[in-house]
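Hi,

Here is the structure I said I would pass on.

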Amino acid sequence: MLSYQEIVPDIIAIKDGNVWMYLVKGRERAVLIDTGFGELSLETTVKALYDNHVIVCHTHTHHDHIGGDIFFSELYVAKEETDVIQNYLEMHHKSCHIHTLTDGQMIDLGNRKLEIIRLPGHTPGSLGFLDRKAKVLFSGDCISDRTIYMCLQGANLDSYRKSLIWIVAHQEWYDTILGCHGTPIQCIAQAETQIKCLELYKEGKIKCEDARTYTGENAVSYTHLRAHETSLHL
């Protein structure tokens, strides 16, 4: 069952299990950032919240972010990850218009624009979306107060650290960070803590423990400031 809440005017967080999606409403059209696991009520929920054209933009293409793509006709994703979307749609015998997104590109919703920000690391084509007018950054899985899986195929620790550093360095551009796991509103201190966790890992100064990914595979967990739920699975 989906739940939702308005974070700031015309930005609605929709929760599907443990993942957040975001409906960003404009005068002419809206963007749905990610589509969760594919809850059957997603299409009707989005239509009830916005009665005009909706396009889907992806932060990345892990299965918990693309499940509802089958309900929509127009999808936007980084070039590096278009194959994942195409394979998923073919598996479900669906066809959609797939567009590629590039760094700095603008998506015009009529009275607001979303700027594409490359944030690779968690996946090769991970993206963020910046609403300069509302001063909101949608960070995907780059920032989270829950476990971040960096042991999955395509993950790159060096790229991930650079993406976190970029977020910290440009914090004057936004007042709100919206992530996809944990609490919807994240804070800049979380990004700084994750950078520190990566640095301690690289220096061999952080303890590890055995863990499992959400798919049941073995992993190693590195945790920094456990009280803040900052954990990386490698």
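Let me start with a tryptophan: W166 is partly exposed, at a relative accessible area of 23%. On this scale, buried is under 20% relative accessible area, exposed is over 50%, and partly exposed lies in between (1.4 Å probe, protein chains only). Before going on, note that this is a predicted model, where local features need pLDDT of at least 70 and side-chain atom pairs count only at pLDDT 80 or more, while totals for chains, interfaces and linings use all residues. Residues are numbered from 1 along each chain as its sequence is written, and side-chain values use heavy atoms, with hydrogens and water left out.

Back to the rings. There are two aromatic pairs in the structure. For a pair, ring centres of Phe, Tyr or Trp (its six-membered ring) must lie within 6.5 Å; planes under 30 degrees apart are stacked, over 60 edge-to-face, and the rest tilted. W173 is partly exposed too, with a relative accessible area of 26%. What sits over the ring of W173? The charged end of R132 does, 4.1 Å from the ring centre. That label needs NZ of Lys or CZ of Arg within 6 Å of the ring centre and within 35 degrees of the ring normal.

Now the strands at the start of the chain. Helices (H or I, at least four residues) and strands (E, at least two) are DSSP runs numbered from the N terminus, and two strands pair if DSSP finds at least two bridges between them. Strand β1 (residues 3-8) runs antiparallel to β2, with five bridges joining them; S3 has K15 of β2 as its bridge partner. The two make a hairpin with two residues between them. D10 in that turn has a positive phi of about 70°, although D10 is not a glycine. With a relative accessible area of 31%, D10 is partly exposed.

Strand β2 (residues 11-16) carries on into β3, an antiparallel pairing over six bridges. Within it, A13 stands opposite Y22 and I12 stands opposite L23. This is another hairpin, with two residues between the strands, and G17 in the turn has a positive phi of about 65°. Five of the six residues of β2 are buried, so this strand is largely enclosed by the rest of the structure.

How many residues of β3 (residues 19-25) are buried? Seven of the seven are, so β3 is largely enclosed by the rest of the structure. In a regular strand, side chains alternate between the two faces of the sheet. Here V19, M21, L23 and K25 point one way, while W20, Y22 and V24 point the other way. Note that K25 is among the buried ones. On to the next partner: β3 pairs with strand β4 (residues 29-33) in the antiparallel sense over four bridges. L23 has L32 of β4 as its bridge partner, and the hairpin between β3 and β4 has three residues in it.

Further along there is an open sheet of six strands in the order β8-β9-β10-β11-β13-β14, with mixed pairing. β8 (106-108) and β14 (185-186) are at its edges with a single partner strand each, so one side of each has no neighbour in the sheet. β8 runs antiparallel to strand β9 (residues 113-118) through three bridges, and M106 has E115 of β9 as its bridge partner.

One more backbone point: H93 has a positive phi of about 55° and is not a glycine. H93 is in the loop between α3 (82-91) and β7 (97-101), and at 74% relative accessibility H93 is exposed.

Last, the helices. α4 (residues 157-169) packs against α5 (residues 188-203) at an angle of about 150°, with the axes 9 Å apart. Axes are lines fitted to C-alpha atoms, for helices over the stretch in contact, and angles run from 0 to 180 degrees between N-to-C directions. Residues making the contact include L157, Y160 and L164 of α4, and I188, A191 and L198 of α5. Contact means heavy atoms within 4.5 Å.

Cheers
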